[in-house]
Amino acid sequence: MFLKKAALAGAIAGLMGSTAFAADCGPSGKSVRILGSDFPAIQAVAGAAEANCAANAGEFTINLRDNTRDMMNQALTPNPAEYTSVIVANSTLTQLMNDGLVRPLDEYVAKYGQHLKPSQLITIGGNVMAVAFMANSQHLFSRTDVLEQAGVEGIPATVEEVVAAAEKIRAAGIMEHPIVMNMKVGWNVGEIFNLFFFANGGELFKPGSAEPNVNSPEGIAALGTIKSLLEYAHPDHLSHASNETQGLWEAGKAAMAIMWGSRGGAVLDDEGSSDEVTSNTVLSAAPTAGGGSTPAATLWWDGVTVAKNIPDEDAEATFAALVSGLTSDLMEEHNDKAIWLIEGFRPGPAAAGVSATAAAGAKPYPMIPFINLMHNALGSELVDFYKGDESAEDALADVEAAYRTAAKEAGFLQ
Amino acid sequence: MKHRTFFWFILPTLSAMVLFIALPIVSVFIQSLFVQHEQVLVVSESCGPFGCVEETQVDTEATAQLREEQPLGRFNGLATYFDRSHLASAEIAEVWRTSTGLSSFIDGIMDLKFYKALVFTLTYTFVVTPLVLIFGLAVAVGVNNLPKAFRGVAIFISLLPFLVATIVGSMILSWMVDGEGIIGATLQNIFNDPSLSIKASTPLMWIMLMVYGVWHTLPFAFITFYAGLQTVPQDTLEAARVDGANKWQTMISVVVPHLMPLVSFVTLMLLMDNFRVFEPLVSFQAEAHAQSLSTFIVSDLREAGNPLYASASATSMLTILGVVILLAPVLIRTWRDFNAKAH
């Protein structure tokens, strides 16, 4: 009964919306089962799909949870798969495609996707494999009041300026550790390396092969850059991930941060922080490093896929339901929840950092089948360097050795 | 008991043990001998909101065919056991060749994650186990000497650390010792050093983990010894007292020998548990300073995209081997005692 009401409400909202878009939900009575990560933008997309098409479907379930990446391959492997769609990001699309678990979407896009922008279509080897709806990247968060108080002019644009500003803040006795960044051992340590490695012009692999390429001048430069920032970072940084850094920021304990754009909305809203912090927080492009022009960030997208091991009609209904929500109507209601790639998005202050970072030419996170193995090797082997137990060269040599061991076992290297 | 009767008695237990313990271990061992197929890679163009790039992809059809031909993967023998993530024989040989002295040799070995984890795990095991035995016995004797009216309450309070789930207990302590937590911030204030942080220092982190380990497992030793104390023969105690032994002498010469079988049992359990230390490392976010073989197994398997089954299986087998080596002295001792009694 509730579902019917919700669907009715959705249909009415659709009719009353500026575009007067009537949801086309594809074949009726089919099963739609969505798996995704639990954050506001995905809640909005899945919710819109449910409102539009739950009445048309025979079964409509949404499962949003943490750590979907750890179980999505297992969930899509059986035939029929546990879910008809997984909402993925760059890295997780790669992991599903490695095992061949998602289907090409071209025919469905032609039938149901007229309102999608061409840039939303993730095309791999000529096939549309996913439809992106939001973008994300790391970038700089700054507290203008603290910078001003320390006598720093403007917002820092390079790592060197960030470090100089941090030194001024420390010298002025305002904060001992003005910088926070996500340096938790594991995935985050690996990701921070990627940011500064790309900013210094590095390539993770030798072109056209799975051979590692991080023990290079660019790699050493990247580690030097990170070390210069960590000098001013919170002493517990090796245990800080997004929740901890956001908490420190909202508590007013940091003046500059490298955090995810998707945290921007939560930092700027009126919950969990004081007016002093939120009104002085400015989101800007990720800093460049070593005189280069590439921002130290990786660009990410989140998008919808359709499982391979399900009946074709379920697949069609799933795709139709999900893209029926990706319209300007969704923007009316949820504009500030993400940096949307959807038609009708009006970028607000929370989107400024990601937009500026993308415009400045940051690199997308690579969609390479063996990237996870490299990312893990970086995440575990660089820790000795950050703790000061090892030189940059030795740490990078360890990364390559650890990566080779894993890549051989996974069959990517001989 | 006749052998035949004994066999029928033990059969249900035995079959359950074979089914749920022996067979899984065999399966893990077999898995550790195989690695994934060679992946067939193709380069193609991929486009998205941020432009187009040439990127490598897995040719899933070709790889699936390989998988069908050899479902277990490529046979790799014991090579996984000796690779860099495990026993690292080639790397150790290299370190041996290039090292200039003992300290550079040790540095080289400590660079290999398996040995680094082993050093932490063994230190943890050999510090926590004796401390738990000693303190457990002390608490048990203390509670046993309390007036009867207070004993129930004392037992309940002493058991509390055991009742709190490991992950919850260590999480709470982790927040307290955080630089922003009550203990961490107080320490910074006392020493007037804002960069003092338990989570940033390897020695402090190790101490923290071991203190937590003692706190959490103490009740297990306590309750076992307390039960044992109820069976100490009163006439022997009285005889000792008549002979003029003081409390300490009675304790060492009568009570402890009586509890020896329990001490062996508790030691066995503690050695096994401590060698597989896992939850505190996760809750304290201690990965930077301390790893154990169990955390390696989890991180190998968690990666849903490329789970490293062979590596995780090899680590499991090495963990079992480690536990067997650790337990051997205690088991041999128990066996000798048993034989001595039989004769």
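In chain B, 9 residues of domain 1 touch 9 residues of domain 2, where a contact means that the C-beta atoms, placed from the backbone, lie within 7 Å. By class, the domain 1 side of this contact has 5 nonpolar, 4 polar and no charged residues. Here Ala, Val, Leu, Ile, Met, Phe, Trp, Tyr, Cys and Pro count as nonpolar, Asp, Glu, Lys and Arg as charged, and the others, Gly among them, as polar. Domain 1 of chain B covers 74-111 and domain 2 of chain B covers 113-342; such bounds come from an automatic or database domain assignment.

Before going further, please keep in mind that this is a predicted model, in which local features need pLDDT of at least 70, side-chain atom pairs count only at pLDDT 80 or more, and totals for chains, interfaces and linings use all residues. Residues are numbered from 1 along each chain as its sequence is written, while chains are lettered from A and ligands numbered from 1 in the order in which they are written.

**Domains of chain A**

Chain A is assigned domain 1 (2-136 + 299-352) and domain 2 (137-297 + 359-410). Their contact takes 18 residues from domain 1 of chain A and 19 residues from domain 2 of chain A. On the domain 1 side, the elements that give two or more residues are helix H4 (90-98), S5 and strand S9 (298-304) of chain A. H4(A) provides the largest share of that side, with 6 residues. The residues of the side divide into 10 nonpolar, 6 polar and 2 charged. Helices (H or I, at least four residues) and strands (E, at least two) are DSSP runs, numbered from the N terminus.

| Domain pair | Distance between C-alpha centres |
|---|---|
| Domain 1 and domain 2 of chain A | 31 Å |
| Domain 1 and domain 2 of chain B | 31 Å |

**A hairpin and a link between chains**

S5(A) also takes part in a hairpin. Strand S4 (residues 121-124) of chain A pairs with strand S5 (residues 127-143) of chain A in the antiparallel sense over 4 bridges; pairing requires that DSSP finds at least two bridges between the strands. There are 2 residues between S4(A) and S5(A), and A:Gly125 in the turn has a positive phi of about 55°. A:Ile124 has A:Asn127 in S5(A) as its bridge partner.

Which strand of chain B does S4(A) join through 2 bridges? The partner is strand S2 (residues 41-48) of chain B, and the two run antiparallel.

**Two helix pairs in chain A**

Helix H16 (residues 371-381) and helix H18 (residues 392-410) of chain A pack at about 140°, with axes 8 Å apart. Axes are lines fitted to C-alpha atoms, for helices over the stretch in contact, and angles run from 0 to 180 degrees between N-to-C directions. H16(A) and H18(A) are therefore oblique to each other, since angles under 35 degrees count as roughly parallel, over 145 as roughly antiparallel, 65 to 115 as roughly perpendicular and the rest as oblique. Their contact has 11 nonpolar, 2 polar and 2 charged residues.

Helix H7 (residues 159-171) and helix H9 (residues 217-230) of chain A cross at roughly 20°, and their axes come within 9 Å. H7(A) and H9(A) are therefore roughly parallel to each other. Their contact is made by A:Val159, A:Val162 and A:Val163 of H7(A) and A:Thr225, A:Ser228 and A:Leu229 of H9(A). These residues divide into 4 nonpolar, 2 polar and no charged.

Note on methods: Contact = placed C-beta atoms within 7 Å.
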